[in-house]
Amino acid sequence: MKEKEKVGFAVVGLGAIARMAVLPAFRHAKRARLVALVGRDKEKTEKLARKYKAQAVYGGEGFGVCLENPEVDAVYLATPQSEHLKATVTAAQAGKHVLCEKPLALNPEQSAEMVRVCEECGVQLMTAYRKYFEPSALYLKKLIQSGKLGKIDVINTVFSELHVAGKSIPWLLDSKVSGGGPLMDLGVYCVNTSRWLVDEDPVEVVAHSWRKDAARFRDVEEGISFRMQFASGLVVQGTSTYSSAISSYLFVQGTKGWACLTPAFPFDEERRLTGKIGGKWFEKKFRVVDEFAPELDAFAMAIRTKTSVEPDGRQGHRDMCILEAIYAAARNGGPVSVRYGIR
């Protein structure tokens, strides 16, 4: 595809995820091109623009001016979730499509508003769930859908990492900016990926959260475990913490066999899928790939063809509804029904 025919993107927010993954992905994207950068630090923004050949640079207060650029068709929001609602509404009202980092917002009320405004303005809203495009996750989904594992009974899933004071991102411990702790940051992968694997949504949740270091984690949970109950009888058990070495897995148990993918969620590690079906062991290795370029291209394709994109904003909103229910269950100490819908 010729460069000018590609969908032009502005990347908003130049933190770790943008620098490490989003910006480099444009080098591999076939349908998307980097046009502009929006960042608070002018010197850093200009340096990144030179490195990744972005044509335009805008300061933190220049987002509105960026949206006037006719070369910008869409924005990639790589900002903290407290900024997602305002930026999405502003972009949508300017006629720009929005690819937004997860979690979609601080709460379901904000994510519902994002979905509503984008639909009213006739622009696409995509939630940045890269697992939908990653080979090992796609293989596991096909394995489940093929029926080779039988009826899926239980999925166990974990995503945790060690949050180190003075080294890790500090705003992750500020609920006004992050919306919550490891559940919002990491556990959302466990929630979204497990329900995507089985094409089903939970109806009820129970949960327990804890703070071993109450002083440091006074504003968000240090760790949380939750159980999601599905109408089919499937149970998903999940855990996320900020107090262990980075680790993640998806363990799927069925009536005919089981499969385990680990590490399941980081984008910079080789993955291994092991399991046993009908008494026979199997193992597959998956090398590290760029998970962000296919995401950009899928969104660009949806924009050009005016077709729906997966995962869209409504999927991101459904996850917000589930996370809200999990937090409520942890506070109440009992089961909580999940309320979906744009309300």
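The questions and answers below concern a predicted model.

User: Which strands are the edge strands of the open sheet?
Analyst: The open sheet has 9 strands with mixed pairing, in the order S14-S13-S12-S11-S7-S10-S9-S8-S15. An edge strand pairs on one side only. The edge strands are S14 and strand S15 (336–337).

User: How many bridges join strand S13 to strand S14?
Analyst: Strand S13 covers residues 271–277 and strand S14 covers residues 280–286. The two run antiparallel, and Arg-272 has Lys-285 in S14 as its bridge partner. The number of bridges joining S13 to S14 is 7.

User: Which residue takes a positive phi in the hairpin of S13 and S14?
Analyst: This hairpin has 2 residues between the strands. A phi near 60° is found there at Gly-278.

User: What is the bridge partner of Gly-257 in S13?
Analyst: Strand S12 (residues 257–262) pairs with S13 in the antiparallel sense. That pairing extends over 6 bridges. In S13, the partner of Gly-257 is Ile-277.

User: Are Glu-291 and Arg-130 buried or exposed?
Analyst: Glu-291 forms a salt bridge with Arg-130, and the closest N and O atoms are 2.7 Å apart. The pair links distant parts of the chain, Glu-291 being in the loop between S14 and H9 and Arg-130 in the loop between strand S6 (125–128) and helix H6 (135–146). Both Glu-291 and Arg-130 are buried.

User: Why does Asp-319 count as buried?
Analyst: Asp-319 meets Arg-195 in a salt bridge of 2.7 Å, N to O. Arg-195 lies in helix H8 (residues 182–198) and Asp-319 in helix H10 (residues 313–332), so the pair ties together parts 124 residues apart in sequence. Buried means under 20% relative accessible area. Asp-319 counts as buried because its relative accessibility is 0%.

User: Which residues do salt bridges that share partners join into one network?
Analyst: A search of the whole structure gives 17 salt bridges. Those that share partners make one network of Arg-130, Lys-131, Glu-134, Arg-271 and Glu-291.

User: What is the omega of the cis peptide bond from Glu-310 to Pro-311?
Analyst: Most peptide bonds are trans. The bond from Lys-102 to Pro-103 is cis, with omega near -15°. Pro-311 is in the loop between H9 and H10, and the cis bond from Glu-310 to Pro-311 has omega near 0°.

User: What is the phi of Lys-53?
Analyst: Lys-53 is in the loop between H2 and strand S3 (56–58), and counts as exposed because its relative accessibility is 67%. Lys-53 is also part of a positive surface patch with Arg-27, Lys-47, Arg-50 and Lys-51. Although Lys-53 is not a glycine, its phi is positive, at about 60°.

User: Where is Asp-199?
Analyst: Asp-199 is not a glycine, yet has a positive phi of about 55°. Asp-199 is exposed, with a relative accessible area of 54%. The place of Asp-199 is the loop between H8 and strand S8 (202–210).

Key:
Residues numbered from 1 in each chain as written. Predicted model: local features only at pLDDT ≥ 70, side-chain atom pairs only at ≥ 80, totals over all residues. Heavy atoms only, no water. Pairing = 2+ DSSP bridges. Helix = DSSP H or I, 4+ residues; strand = E, 2+ residues; numbered from the N terminus. Patch = residues over 30% accessible without salt bridge, like charges linked within 9 Å, V, L, I, M, F, W, Y side chains within 5 Å. Areas by Shrake-Rupley, 256 points an atom, 1.4 Å probe, with all protein chains shown as cover. Salt bridge = Lys/Arg side-chain N within 4 Å of Asp/Glu carboxyl O. Lys, Arg positive; Asp, Glu negative; His and termini not counted. Charge placed at Lys NZ, Arg CZ, Asp CG, Glu CD. Buried < 20%, exposed > 50% of the residue type's maximum accessible area, 1.4 Å probe, protein only.
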